[in-house]
Amino acid sequence: MTSTGTTAAGTGEPAAASCHGGPAPAAETTGAAGATGAAGSDNAHSAGTHHGPHGYSHQKDQHLKRLRRIEGQIRGLQRMVEEDVYCIDILTQVSAGTKALQSFALQLLQEHLRHCVADAAVKGGDEIDTKVAEATAAIARLLRS
C-alpha cells in the first residue's frame, strides 16, 4: 500500500492505513480555541462510509467506558487547578491519567496485532509488511510519549 501523502498528527510520519486496507481514520487536531475536529475529513472513515470490524470492535463498549473514566480523571485535573490544589497532588493525578492512557494504548495495540496484523499475515503479500511497519511506528510513538 502506498502513502497518500497524509501524515499522522504531529509526527511527520505517514498516516496509517485502516486494518482493512482503506484510508486511516482522520487524526484529531486541536485548534487555537481548543476545539477538536477531524483532519483530512475527505477520507472514507471520517465520512462514515467505511465500516468494518476493527480489532477493538468486540470490546467497544468496554473501551468507551474506560475512556469516559479517563476523561473524568482529566476533568478532575481541571477542577484541581481551578481550586488551587497543591502542585504535587495535581502531578500525582497527572501521572495516574498518563498511566491510564498508556494502558489503554497498549490494549489497542495488542488488539491491532491480534486482529489486523494476524489477518495480514494470513493474506500474505505486501500487506503484512505494511501492518508490521504501522505497528512498529505506533510502538515508537508510544515510547516517545
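The protein chain holds four helices and two strands, these elements being DSSP runs numbered from the N terminus (helices H or I, at least four residues; strands E, at least two). Read from the N terminus, their order is β-β-α-α-α-α. The model is predicted, so that local features need pLDDT of at least 70 and side-chain atom pairs count only at pLDDT 80 or more, while totals for chains, interfaces and linings use all residues. Residues are numbered from 1 along each chain as its sequence is written, and side-chain values use heavy atoms, without hydrogens and water.

Of the 145 residues of the protein chain, 22% are buried, where buried means under 20% relative accessible area, exposed over 50%, and partly exposed in between (1.4 Å probe, protein chains only).

Helix α2 covers residues 60-82. Its 23 residues reach 33 Å from the first C-alpha to the last, close to the 33 Å expected at 1.5 Å a residue; the expected span is 1.5 Å times one less than the number of residues. Which residues of α2 are buried? They are H63, I70, G76, L77 and M80. These buried residues pack against α3, with contact taken as heavy atoms within 4.5 Å. An α-helix has 3.6 residues a turn, so residues three or four places apart point the same way. After α2 comes D84, whose phi is positive, near 55 degrees.

Helix α3 spans residues 87-123 and includes I88. The residue I88 is partly exposed, with a relative accessible area of 46%.
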